[in-house]
Number of protein chains: 2
Amino acid sequence: MSLFVQKYGGTSVGTVERIEAVADKITKFKAEGHDMVIAVSAMSGETNRLLGLASSISDNPTPRELDVLVSTGEQVTIALLCMALHKRGVEARSYTGQQVKILTDSAHTKARIQDIDVSNMRADLSAGRVVVVAGFQGVDEDGNITTLGRGGSDTTGVALAAALKADECQIYTDVDGVYTTDPRVVSGARRLEKITFEEMLEMASQGSKVLQIRSVEFAGKYNVPLRVLSSFKDGPGTLISLEEDDASMEQVVVSGIAFNRDEAKVTVIGVPDTPGAAARILAPIGEANIEVDVIVQNISADNTTDLTFTVHRNDVEKAKAILKVVCDELGAKDIKSDAKIAKVSIVGVGMRSHAGVASTMFSALANENINIQMITTSEIKIAVIIEERYLELAVRSLHSAFGLDAQPQEEN
Amino acid sequence: MSLFVQKYGGTSVGTVERIEAVADKITKFKAEGHDMVIAVSAMSGETNRLLGLASSISDNPTPRELDVLVSTGEQVTIALLCMALHKRGVEARSYTGQQVKILTDSAHTKARIQDIDVSNMRADLSAGRVVVVAGFQGVDEDGNITTLGRGGSDTTGVALAAALKADECQIYTDVDGVYTTDPRVVSGARRLEKITFEEMLEMASQGSKVLQIRSVEFAGKYNVPLRVLSSFKDGPGTLISLEEDDASMEQVVVSGIAFNRDEAKVTVIGVPDTPGAAARILAPIGEANIEVDVIVQNISADNTTDLTFTVHRNDVEKAKAILKVVCDELGAKDIKSDAKIAKVSIVGVGMRSHAGVASTMFSALANENINIQMITTSEIKIAVIIEERYLELAVRSLHSAFGLDAQPQEEN
């Protein structure tokens with residue numbers, strides 16, 4: 001008998017029929033003797049409907065009232081799910097974030113959890129009840145309703161699991177696990193049985209959208225075993241946990257290939273090769289809240305240098321306008337930009353202890369005649385910027401070069 | 001400068017445009033220097049949408065969860081109204097029933113208010129803010145969300161006004177006041193400038209649906225001046241207050257004519273004229289939760305009696321089935337029923353001190369050849385049961401006989 005925290009996302013509770021299916025699933029776990037705490041999202045579409053109402057009233061709705069508004073979405077789901085459980089003879093009780101209470105700071109629409117009062121939930125679990133909690137929301141010290149921002153329901157699930165010291169936090173979603181890469185690009189992509197928090201973080205930040213980064217960070221910080229599963233298909237999903245817990249992970253060098261097409265590169269040509277030039281270029285970009293990802297600088301022959309960096313495609317024009325001013329001051333020659341790029345990353349804790357991962361990667365790309373425009377690395381990741389049109393080819397060749405196409409091992 | 005509590009019903013906040021119109025109205029009052037506390041209903045249709053979700057999951061949804069579900073309706077409205085006020089530069093803050101807090105008993109879906117904490121609202125009013133409260137909802141001692149049942153938002157408005165000792169509780173609705181009778185039946189019906197709580201209660205219980213009985217009782221008990229106004233049309237509406245406050249009311253004998261067609265009459269014929277017979281007939285009706293309105297008993301010549309009473313039309317068949325058993329035991333001759341009846345009532349505190357009101361009423365009906373089947377009276381009301389087809393004729397003739405067709409006086 002274990003204590004499971006399960007989180008069901010908007011698609012999983014998107015209709016009355018799907019809420020009934022979730023109730024069936026919970027009933028089964030309960031019948032097996034497990035203690036169950038459930039965190040749910042708003043029914044899919046509901047949050048957007050509410051935001052639509054807000055934006056039809058105001059271009060700039062008050063964050064406090066936005067939270068009062070959108071938090072109703074999850075409140076509807078908790079009530080309906082409890083009704084469905086009661087119909088099945090399962091005792092259950094719903095809680096809003098305020099009722100739990102999930103104490104957050106007062107940063108409306110992007111609040112952070114500070115503390116969770118587990119006393120009510122513990123009492124319900126002891127009485128044999130399923131606890132159903134509204135995800136994505138909390139309450140600040142003054143009793144104001146807050147929301148956790150994007151992906152907040154995942155964070156609620158993980159935070160509840162941490163506070164209750166649950167055996168596992170199970171995130172039910174519309175995919176049946178974390179894959180070596182996007183199966184739409186590589187047909188041989190396979191579901192990973194296990195992955196470490198660090199790898200999951202790199203996969204997420206490199207473009208894999210299975211889990212929100214914040215919830216993975218949270219799970220890692222409090223060492224909450226996290227499992228991603230499908231609401232619609234039975235299966236073990238993917239377990240995300242600490243590296244140390246699992247010796248078999250060491251054998252794998254690269255766990256997955258992540259990629260994205262969200263970025264564009266901007267190059268400032270002919271920057272005078274003087275100290276502080278890069279800072280003078282990048283500082284105003286940061287001040288304008290434009291996130292810079294990869295940065296590369298090459299020295300050229302004539303005492304000037306070219307500085308290239310990537311930003312989100314939506315920010316390219318804004319970035320160029322800012323650079324125009326800076327470059328005139330610095331005496332740089334020109335500004336060029338290219339949105340037809342893609343980033344491909346290999347991720348794996350195994351590369352820490354294995355030499356030659358980079359050369360395997362670069363050779364694989366070279367064999368396909370794919371030119372690498374930029375490179376960036378972390379301890380467990382190597383990312384390259386290439387021409388966008390080679391993206392699928394690159395992902396497939398790397399997937400194969402690192403042996404990811406093989407059949408999955410049986411779960412141990 | 002006054003403190004007004006205003007309540008806006010579902011139709012008044014039924015669309016984003018109407019919420020904007022309500023915000024305009026509040027902005028105007030605020031600009032005039034008044035302190036404003038607003039209670040709102042769910043947008044029209046929303047409560048039914050939510051109940052529809054519940055009933056598609058369960059025929060018998062848990063009352064606690066039903067309250068969690070439907071209370072989101074008003075929560076949406078408070079947020080949107082505050083956004084609309086902010087857009088107009090008006091400081092405003094929303095409160096759920098739980099946040100206020102409006103303490104109720106734990107009778108889910110029909111809770112009663114026990115106490116209202118005014119501290120937060122007082123602080124907001126002092127800071128110049130408009131306070132926007134979700135109607136219809138509260139919280140019990142254990143932090144469970146409760147709802148007040150039908151017409152609950154009116155009750156919230158009145159209870160807030162009583163707790164805050166407001167100068168007036170203004171109920172905005174889709175009619176522009178209380179009328180002498182239904183204008184659809186009598187074209188000369190006119191809006192009353194003033195009416196007493198007692199008259200309003202009798203009007204409401206006799207079929208006038210402008211205000212919920214419970215909120216009028218509440219207002220009377222705490223002596224909260226209540227004003228009914230239209231959300232869509234400017235005008236003074238109708239003020240409902242204590243009789244003593246207003247000398248001019250004394251001059252009017254009858255304030256209004258109420259009527260309904262909801263009832264049916266049931267007659268038990270040939271009941272042996274022995275003590276306890278009426279009780280033996282009516283006791284099982286009461287036990288079956290069938291409400292009995294008018295009761296009349298006539299003595300007939302042969303030591304038997306006929307007992308007639310009225311029940312809601314929906315309850316006729318149920319009542320007859322119960323009576324069948326009782327009548328066999330008692331040896332009564334027959335049971336007859338008639339749903340083609342209507343009740344017409346004249347209401348007015350003036351009849352207390354005026355003789356001859358009943359004879360004026362009965363003469364007016366006799367002049368139209370309308371037969372009176374049953375009569376029932378209270379201190380400020382006389383109601384008669386007549387054939388349904390004469391209803392409009394009866395209402396018009398009484399409206400005229402009591403001088404209600406006259407032009408309204410100027411407001412004093």
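**Contacts, burial and a bend**

Reader: Which residues does Lys7(A) touch, not counting residues up to four places away in sequence?
Author: They are Ala39(A), Ser41(A), Ser153(A), Asp154(A), Gln170(A), Ile171(A) and Tyr172(A). Contact here means heavy atoms within 4.5 Å.

Author: Some ground rules: this is a predicted model, in which local features need pLDDT of at least 70 and side-chain atom pairs count only at pLDDT 80 or more, while totals for chains, interfaces and linings use all residues. Residues are numbered from 1 along each chain as its sequence is written, chains are lettered from A and ligands numbered from 1 in the order in which they are written, and side-chain values use heavy atoms, with hydrogens and water left out.

Reader: Okay. Is Lys7(A) buried or exposed, and how do you know?
Author: Buried means under 20% relative accessible area, exposed over 50%, and partly exposed in between (1.4 Å probe, protein chains only). Lys7(A) comes out at 9%, so it's buried. It sits in strand β1 (residues 3–8) of chain A; strands (E, at least two residues) and helices (H or I, at least four) are DSSP runs, numbered from the N terminus.

Reader: What joins the side chains of Lys7(A) and Asp154(A)?
Author: A polar contact of 2.7 Å. That term means a pair of N or O atoms within 3.5 Å; within protein, one must be able to donate a hydrogen and the other to accept it, and residues adjacent in sequence count only if both atoms are side-chain atoms.

Reader: How about Gln137(A), buried or exposed?
Author: Buried, because its relative accessible area is 3%. Gln137(A) is part of strand β7 (residues 137–139) of chain A. Its side chain has a polar contact of 3.5 Å with that of Glu74(A), and a polar atom of the Gln137(A) side chain lies 3.1 Å from the backbone nitrogen of Gly97(A).

Reader: Which residues of chain B is Gln99(A) in contact with?
Author: Arg64(B), Gln98(B), Gly143(B), Asn144(B) and Ile145(B) are on its list, alongside Ser94(A) and Asn120(A), leaving aside neighbours within four places in sequence. Gln99(A) is called buried because its relative accessible area is 9%.

Reader: How much area do chain B and chain A bury between them?
Author: About 3100 Å², 61% of it on carbon and sulfur atoms. Buried area is the accessible area (1.4 Å probe) that two parts lose on being put together, summed over both. In chain B, Ile57(B), Glu65(B) and Met83(B) lose the most area to chain A, together 23% of what that side buries.

Reader: How do you know the span of helix α10 (residues 316–330) of chain B agrees with what it should be?
Author: The expected span is 1.5 Å times one less than the number of residues. With 15 residues, α10(B) should therefore span 21 Å, and its end C-alpha atoms are 20 Å apart, which agrees.

Reader: Where does α10(B) bend, and what makes that a bend?
Author: At Lys324(B), by about 25°. The bend is the angle between axes fitted to the seven residues ending there and the seven starting there. Just after α10(B), Gly331(B) takes a positive phi of about 80°.
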